[in-house]
Amino acid sequence: MEARYKKKNTCGIICLKYLLFLFNICFWLAGGAVLAVGVWTLVDKSDYISLLNSNFYSASAYVLIAAGAIVIVTGIIGCCATLKEMRSLLIVYLVLLLCIFLLEITAGVLAYINYQELDNELRQNLKLTMQEKYQQPGQESITLSVDKLQQEFKCCGSQNFSDWTESQWIQRAKNQQLVPDSCCKTPSALCGRRDHPSNIYRLEGGCIEKLEDFIQSQLYILGAVGIGIAFLQLVGIMFTCCLCRNLKEDLY
């Protein structure tokens, strides 16, 4: 009878081990996805980040990279602890899972609370950046970023094309430009002298709305990924607790 119980108990531990190992693979892949999103934000969307005059968005990308790296390391620790059946290492892994879970909740609450304030900051900063730094000496990267933004999102100005009338570059220009050439639907030299809707993105809305929609869509994706990871963590915590209860103290 005792032998049957031990055999049943051993089978249960083996099942838990493989379930937890499978969870760690999924957790590791999720961490890789978060890390990739952070790197993609810095590399591919760095031009837009430079327009915002705020450290929040670049800091968010670095936080994603750090979070992805921590999740990957945690997943590796979980795999080692599971395969070696080390109870002490499983406890370390369980504590790391709980800490990451609490940090995710805290970050989510703070992001929800501060979103409106950051939205207002984004609106103000983008307009000032366009009006004060476009085509100014030493601001070549800003100029290129603004041109790329207007062409990629098919927009003109922060709120609308009339924002450019207050631009330092427009006010000082001697070439009768009304808007930058990047506002034109078919960009060419000095095409910004004509601001008719057939020539420029006049009726399509300002860049701030397009950029907000883009950022919001990315936040929805990150939110969905975050919820998925949080669910995985709860499953992992449950499996880890079950395995810890069934394992004897290791000898290490």
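**Figure 1. Burial of tyrosine 134 and tryptophan 169 in the predicted model.** In this predicted model, tyrosine 134 and tryptophan 169 are both buried. The relative accessible area of tyrosine 134 is 2%. The two residues form an edge-to-face aromatic pair, with ring centres 5.3 Å apart and 70 degrees between the planes. Tyrosine 134 is located in the loop between helix 4 and helix 5, whereas tryptophan 169 belongs to helix 6, so the pair ties together parts that are 35 residues apart in sequence.

**Figure 2. The aromatic pair of tyrosine 134 and tryptophan 164.** The structure contains two aromatic pairs. A pair of aromatic rings is described by the distance of the centres and the angle of the planes. For tyrosine 134 and tryptophan 164, the centre-to-centre distance is 5.0 Å and the planes form an angle of 65 degrees, an edge-to-face arrangement. This pair links distant parts of the chain, 30 residues apart: tyrosine 134 is in the loop between helix 4 (87–133) and helix 5, and tryptophan 164 is in the loop between helix 5 and helix 6. Tryptophan 164 has a relative accessibility of 1% and therefore counts as buried. Tyr134, Trp164 and Trp169 together make up one aromatic cluster.

**Figure 3. Surroundings of glutamine 136.** Glutamine 136 is found in the loop between helix 4 and helix 5. Its relative accessibility is 13%, and because buried means under 20%, glutamine 136 counts as buried. When residues up to four places away in sequence are not counted, glutamine 136 touches Thr143, Gln168, Trp169 and Arg172. One of these contacts, Trp169, is also a member of the aromatic cluster with Tyr134 and Trp164.

**Figure 4. The disulfide between cysteine 155 and cysteine 207.** The sulfur atoms of cysteine 155 and cysteine 207 lie 2.0 Å apart and form a disulfide. The link is right-handed, with 95 degrees about the S-S bond. The pair links distant parts of the chain, 52 residues apart: cysteine 155 is in the loop between helix 5 (140–152) and helix 6 (168–172), and cysteine 207 is in helix 7 (residues 207–246). Both cysteine 155 and cysteine 207 are buried.

**Figure 5. The disulfide between cysteine 156 and cysteine 183.** A sulfur-to-sulfur distance of 2.2 Å joins cysteine 156 and cysteine 183 in a disulfide. With 85 degrees about the S-S bond, this link is right-handed. Cysteine 156 is in the loop between helix 5 and helix 6, and cysteine 183 is in the loop between helix 6 and helix 7, so the pair ties together parts that are 27 residues apart in sequence. Cysteine 156 is buried, as is cysteine 183.

**Figure 6. The disulfide between cysteine 184 and cysteine 191, and the overall pattern.** Cysteine 184 and cysteine 191 are joined by a disulfide with an S to S distance of 2.2 Å. The angle about the S-S bond is 115 degrees, and the link is right-handed. Cysteine 184 and cysteine 191 are both buried. The disulfide count comes to three. With bonded cysteines counted along the chain, the disulfides of the protein follow the pattern 1-6, 2-3, 4-5.

Figure 7. The cysteine sulfur closest to that of cysteine 79 belongs to cysteine 80, at 6.9 Å. A disulfide requires sulfur atoms within 2.5 Å, so this distance is too far for a bond. Cysteine 79 has a relative accessibility of 17% and counts as buried. Cysteine 99 has a relative accessibility of 40% and therefore counts as partly exposed.

**Figure 8. A nonpolar surface patch with residues from helix 1.** Ile25, Trp28, Leu29 and Ile76 make a nonpolar surface patch of about 380 Å². Helix 1 (residues 2–44) provides the largest share of the nonpolar patch, three residues. Leucine 29 is located in helix 1. The relative accessibility of leucine 29 is 52%, and because exposed means over 50%, leucine 29 counts as exposed.

Note on methods
Residues are numbered from 1 along each chain as its sequence is written. This is a predicted model: local features need pLDDT of at least 70, side-chain atom pairs count only at pLDDT 80 or more; totals for chains, interfaces and linings use all residues. Side-chain values use heavy atoms; hydrogens and water are left out. Helices (H or I, at least four residues) and strands (E, at least two) are DSSP runs, numbered from the N terminus. Buried means under 20% relative accessible area, exposed over 50%, partly exposed in between (1.4 Å probe, protein chains only). Rings of Phe, Tyr and Trp (its six-membered ring) pair if their centres lie within 6.5 Å; planes under 30 degrees apart count as stacked, over 60 as edge-to-face and the rest as tilted. Patches are made of residues with over 30% relative accessible area and no salt bridge: like charges are joined within 9 Å, nonpolar side chains (Val, Leu, Ile, Met, Phe, Trp, Tyr) within 5 Å. Accessible areas come from the Shrake-Rupley method with a 1.4 Å probe; for residues, only the protein chains shown count as cover. A salt bridge is a side-chain nitrogen of Lys or Arg within 4 Å of a carboxyl oxygen of Asp or Glu. Contact means heavy atoms within 4.5 Å.
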